[in-house]
Amino acid sequence: MSNTFESQLSASARRLRKQSEKDISTPATMVVPQKHTRYWGWIATPAAAVAGLLIGLFIHRPTEPQDNITVPVVATDNSGHSIVDDGTDYSLLISL
């Protein structure tokens with residue numbers, strides 16, 4: 001390994017990191033024991049989806065149709081007229 005500035009810098013960084021790791025003290029209450037637990041999300045997520053689907057299917061109540069439905073009808077008689085005969089000044093739209 002050559003003795004370049006980059007190699008000296010990386011070696012110095014490694015030495016400083018090792019020294020700072022020695023100076024770090026971890027209290028016993030902060031140490032988390034290693035547990036080998038299974039991730040229950042892989043089981044709980046599909047089970048919740050199936051339960052939600054079944055509940056949704058059984059709760060579904062069709063709404064009863066109402067008898068008094070009125071729809072307002074607006075009748076306009078504007079078929080068969082020319083734009084020349086409607087009295088609107090369309091020259092104002094050209095300037096837009």
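This is a predicted model: local features need pLDDT of at least 70, side-chain atom pairs count only at pLDDT 80 or more; totals for chains, interfaces and linings use all residues.

Student: Where does Lys-18 sit, and is Lys-18 buried or exposed?

Tutor: Lys-18 belongs to helix 1, which covers residues 5-23. Exposed means over 50% relative accessible area, and Lys-18 is exposed because its value is 51%.

Student: What about Ser-7: buried or exposed?

Tutor: Ser-7 is also found in helix 1. The cut-off for buried is under 20%, so Ser-7, with a relative accessible area of 10%, counts as buried. A polar atom of the Ser-7 side chain lies 2.8 Å from the backbone oxygen of Thr-4.

Student: Which residues form a nonpolar patch on the surface?

Tutor: Those are Val-50, Leu-53, Leu-54, Leu-57 and Phe-58, which together have about 570 Å² of accessible area. One of them, Leu-54, is placed in helix 2, residues 41-59. Leu-54 counts as partly exposed because its relative accessibility is 41%, and partly exposed runs between the buried and exposed cut-offs.

Student: Now the whole chain, please. How many helices and strands are there?

Tutor: The protein chain has 3 helices and 0 strands, in the order α-α-α from the N terminus on.

Student: And how much of the protein chain counts as buried?

Tutor: Of its 96 residues, 1% count as buried. The accessible surface of the protein chain comes to about 10200 Å², with 61% of that belonging to carbon and sulfur atoms.

Conventions: Residues are numbered from 1 along each chain as its sequence is written. Side-chain values use heavy atoms; hydrogens and water are left out. Helices (H or I, at least four residues) and strands (E, at least two) are DSSP runs, numbered from the N terminus. Buried means under 20% relative accessible area, exposed over 50%, partly exposed in between (1.4 Å probe, protein chains only). A polar contact is a pair of N or O atoms within 3.5 Å; within protein, one must be able to donate a hydrogen and the other to accept it, and residues adjacent in sequence count only if both atoms are side-chain atoms. Patches are made of residues with over 30% relative accessible area and no salt bridge: like charges are joined within 9 Å, nonpolar side chains (Val, Leu, Ile, Met, Phe, Trp, Tyr) within 5 Å. Accessible areas come from the Shrake-Rupley method with a 1.4 Å probe; for residues, only the protein chains shown count as cover. A salt bridge is a side-chain nitrogen of Lys or Arg within 4 Å of a carboxyl oxygen of Asp or Glu.
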